[in-house]
Amino acid sequence: MTLPTATIEPRYFRDVIGHLPTGVTVVAGREPGTGSPAGLVVGTFQSLSLDPPLVTFSVAATSGSWPKVRAARHFSASVLSDGQHDVCHAMSSRGADKFAALNWHESIEGSPQIAGAHAWIDCAVVQELEGGDHVIVVAEVLRLQAGGGRPLIFHRGSLGGYREPTP
Ligand SMILES: Cc1cc2nc3c(=O)[nH]c(=O)nc-3n(C[C@H](O)[C@H](O)[C@H](O)COP(=O)(O)O)c2cc1C
């Protein structure tokens, strides 16, 4: 892929792109061999195709957790609920055991699903595409289930809640 030469200052790019509100989703799997849970927060998770059912998200090439999840081939995406700020902070940190203080259960494939999430989507990785300094992941949806409550929202660098429209 040929990329244009970047002429936009990265901080400015982030500031303006940050005006696009996103959900906050934990992508997590079990590292083969050790069975240790691994995962990270992404704001780029979205649906890609209805038939076949596909989702996509992008991961920084520098992510330490993605290679572990990728190796598992399966992962669960937990769409975080309003109030799960602590989960977001833990899962967007680097290094230490991100899951130590979290409540989670296992998908059929053994992938960690965050307890109390707004929705869970169990997936299998089908493709990875080059996307600048990120990798675009395409995954097949195996099964999915909605939880209750409201979603956690990320907007202009802050976490907030979704407000129901007034009639
Ligand atoms: C709200 C929010 C959205 C994020 N979205 C992404 C994303 O889409 N892709 C990504 O690679 N990192 C994203 N991050 C940053 C990663 O969560 C973070 O860099 C990662 O957890 C680092 O840990 P790792 O090296 O163990 O992967 C996001 C962080 C936050 C707080």
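Reader: What makes Glu-164 and Arg-150 a salt bridge?

Author: Their closest N and O atoms are 3.6 Å apart. A salt bridge is a side-chain nitrogen of Lys or Arg within 4 Å of a carboxyl oxygen of Asp or Glu, so the pair of Glu-164 and Arg-150 qualifies. Glu-164 sits in the segment after strand S12 (158–161) and Arg-150 in the loop between S10 and strand S11 (152–155), so the pair ties together parts 14 residues apart in sequence. Strands here are DSSP runs (E, at least two residues), as helices are (H or I, at least four), numbered from the N terminus.

A word on the source: this is a predicted model, where local features need pLDDT of at least 70 and side-chain atom pairs count only at pLDDT 80 or more, while totals for chains, interfaces and linings use all residues. Residues are numbered from 1 along each chain as its sequence is written, and side-chain values use heavy atoms, with hydrogens and water left out.

Reader: Why is Glu-164 called partly exposed?

Author: Its relative accessible area is 40%. Buried means under 20% and exposed over 50%, with partly exposed in between (1.4 Å probe, protein chains only), so Glu-164 falls in the middle class. Arg-150, with 38%, is also partly exposed.

Reader: Why does Asp-122 count as buried?

Author: Asp-122 has 5% relative accessibility, so it counts as buried. Asp-122 forms a salt bridge with Arg-143, the closest N and O atoms being 2.9 Å apart. This pair links strand S10, which holds Arg-143, to strand S9 (residues 119–131), which holds Asp-122.

Reader: What makes Glu-109, Asp-122 and Arg-143 one network?

Author: They are joined by salt bridges that share partners. Arg-143 also forms a salt bridge with Glu-109, again with closest N and O atoms 2.9 Å apart.
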